[in-house]
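Subject: The structure, and what turned up in it

Hello,

Here is the structure I promised to pass on. Have a look at it first, and then read on for my notes.

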Amino acid sequence: MPVKYGVPSDPDYNERLAEFEARIHRGEKIEPGDWMPEEYRRQLIRMISQHAHSEVVGMLPEGAWITRAPTLKRKMILVAKVQDEAGHGQYLYHAAETLGVSREAMLEALLAGKAKYSSIFNYPTLTWADIGTIGWLVDGAAIKNQTMLAACSYGPYSRAMVRICAEETFHHKQGKEMVLLYAKGTPKQRQMAQDAINRWWWPALMMMGPHDKDSPNTEILTRWGIKTKSNDTVRQEFINEHAPEILEAGLTIPDPELRYDEKSGNWLHGPINWDEFWQVVGGNGPMNKERLEARRRAHAEGAWVREALEAYAAKQHKTAVAV
């Protein structure tokens with residue numbers, strides 16, 4: 001049965017929209033093939049494909065350090081982590097495909113520079129401490145978002161998030177363990193850890209997106225259960241968890257206005273530089289061009305793998321038909 005994506009001009013749109021929203025309010029999952037508003041589908045494709053691209057591009061900053069890991073143990077951990085991120089991209093591309101968009105179209109948009117991915121992966125990894133800090137702060141911020149999305153109304157996205165969150169939790173723990181180890185190490189190691197915190201703290205806060213008042217999609221995403229928490233709520237949860245842990249480790253946070261507010265129980269932060277955020281999102285970050293070029297090169301060099309897989313699948317299909 002063909003999937004029906006409703007638009008407001010449909011004669012029965014309002015009636016079906018009411019049924020659709022009632023299902024969401026009852027906590028039911030929307031599954032592929034169910035009726036849904038075209039705008040719900042469009043928002044999901046935008047979010048899931050952006051998330052998938054982020055996982056794939058996110059392999060690049062850490063992958064560059066695999067050959068420079070200080071020990072075999074750290075190398076094995078990093079290889080496993082980068083492999084996990086590739087797998088996350090696979091889960092998410094599959095989830096997006098259930099909405100009728102092809103993987104080829106999503107990848108073409110990424111390689112053409114038309115698709116967005118998380119802005120934080122357009123920052124460079126300058127030292128080995130950056131690898132630990134990415135695990136602690138970047139994956140920590142991602143987990144806050146992904147835990148929220150695990151409860152979202154679209155079944156395939158929700159289920160993908162459950163598995164991804166479990167794996168990201170390991171990434172977060174190993175990153176925290178690395179940074180805390182260096183914070184207790186030699187003066188040089190401690191300085192390296194502090195420098196990494198200084199450079200990644202603000203981009204990590206930006207990962208949750210603009211303030212709620214400046215986020216045009218928040219209202220509809222919340223109404224349809226795609227997002228169950230706002231950007232500012234998730235950001236506050238991240239700060240409340242990580243700020244005291246960083247300070248307890250004897251490190252500092254590059255925010256002179258950061259303070260604990262006893263009345264609200266929150267750690268309050270200073271102003272975020274949204275001009276920097278929008279510059280990076282707009283393609284003018286420190287590593288935007290390098291990241292995109294690396295993805296294009298990897299895609300071109302992997303053409304023979306895709307061709308081999310297609311030839312094998314065609315052979316298997318031919319054999320099955322003959323039998």
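Let me start with a question: does Asp261 count as buried or exposed? Asp261 counts as buried, because its relative accessibility is 17% and the limit for buried is under 20%. Please keep in mind that this is a predicted model.

**Salt bridges**

Asp261 has a charged partner: its side chain meets that of Arg259 in a salt bridge, at 3.7 Å from N to O. Arg259 is partly exposed, with a relative accessible area of 45%, whereas Asp261 is buried.

The structure holds 22 salt bridges. One of them joins the side chains of Glu62 and Lys81, at 2.6 Å from N to O. Glu62 belongs to helix α3 (residues 59–63) and Lys81 to helix α4 (residues 72–97), so this pair links distant parts of the chain, 19 residues apart. Both ends are shielded by the protein: Glu62 is buried at a relative accessible area of 2%, and Lys81 counts as buried at 2% relative accessibility.

The bridge between Glu237 and Lys229 has another setting. Its closest N and O atoms are 2.9 Å apart. Here Glu237 is partly exposed, with a relative accessible area of 26%, and Lys229 is partly exposed too, at 32%.

There is also a network of salt bridges, in which Arg23, Arg26, Glu28 and Asp34 are linked.

**Aromatic rings**

A pair of aromatic rings is described by the distance of the centres and the angle of the planes. The structure holds 12 aromatic pairs. Among them is the pair of Tyr40 and Tyr154, which is edge-to-face, with 6.5 Å from centre to centre and 75 degrees between the planes. Tyr40 lies in helix α2 (residues 38–57), while Tyr154 lies in the loop between α6 (128–149) and α7 (155–183), so the pair ties together parts that are 114 residues apart in sequence. Tyr40 counts as buried at 0% relative accessibility, and Tyr154 is buried with a relative accessible area of 0%.

Trp274 and Phe277 make another pair: their ring centres are 5.2 Å apart and their planes stand at 90 degrees, so this pair is edge-to-face. Both residues lie in helix α11 (residues 274–284), 3 residues apart, which is about one turn of the helix. Trp274 and Phe277 are both buried.

**Charges over rings**

Two arginines are worth a look here. Arg41 lies over the face of Tyr5, at 4.5 Å from the ring centre. The charged end of Arg68 sits over the ring of Trp65, 3.9 Å from the centre of that ring.

**A patch on the surface**

Which residues make the nonpolar surface patch of about 350 Å²? The patch is made by Trp304, Val305 and Leu309. Leu309 is found in helix α13 (residues 303–322). Leu309 counts as exposed, because its relative accessible area is 56% and exposed means over 50%.

Best wishes

Key:
Residues are numbered from 1 along each chain as its sequence is written. This is a predicted model: local features need pLDDT of at least 70, side-chain atom pairs count only at pLDDT 80 or more; totals for chains, interfaces and linings use all residues. Side-chain values use heavy atoms; hydrogens and water are left out. Patches are made of residues with over 30% relative accessible area and no salt bridge: like charges are joined within 9 Å, nonpolar side chains (Val, Leu, Ile, Met, Phe, Trp, Tyr) within 5 Å. Accessible areas come from the Shrake-Rupley method with a 1.4 Å probe; for residues, only the protein chains shown count as cover. A salt bridge is a side-chain nitrogen of Lys or Arg within 4 Å of a carboxyl oxygen of Asp or Glu. Helices (H or I, at least four residues) and strands (E, at least two) are DSSP runs, numbered from the N terminus. Buried means under 20% relative accessible area, exposed over 50%, partly exposed in between (1.4 Å probe, protein chains only). Rings of Phe, Tyr and Trp (its six-membered ring) pair if their centres lie within 6.5 Å; planes under 30 degrees apart count as stacked, over 60 as edge-to-face and the rest as tilted. A charge sits over a ring if NZ of Lys or CZ of Arg is within 6 Å of the ring centre and within 35 degrees of the ring normal.
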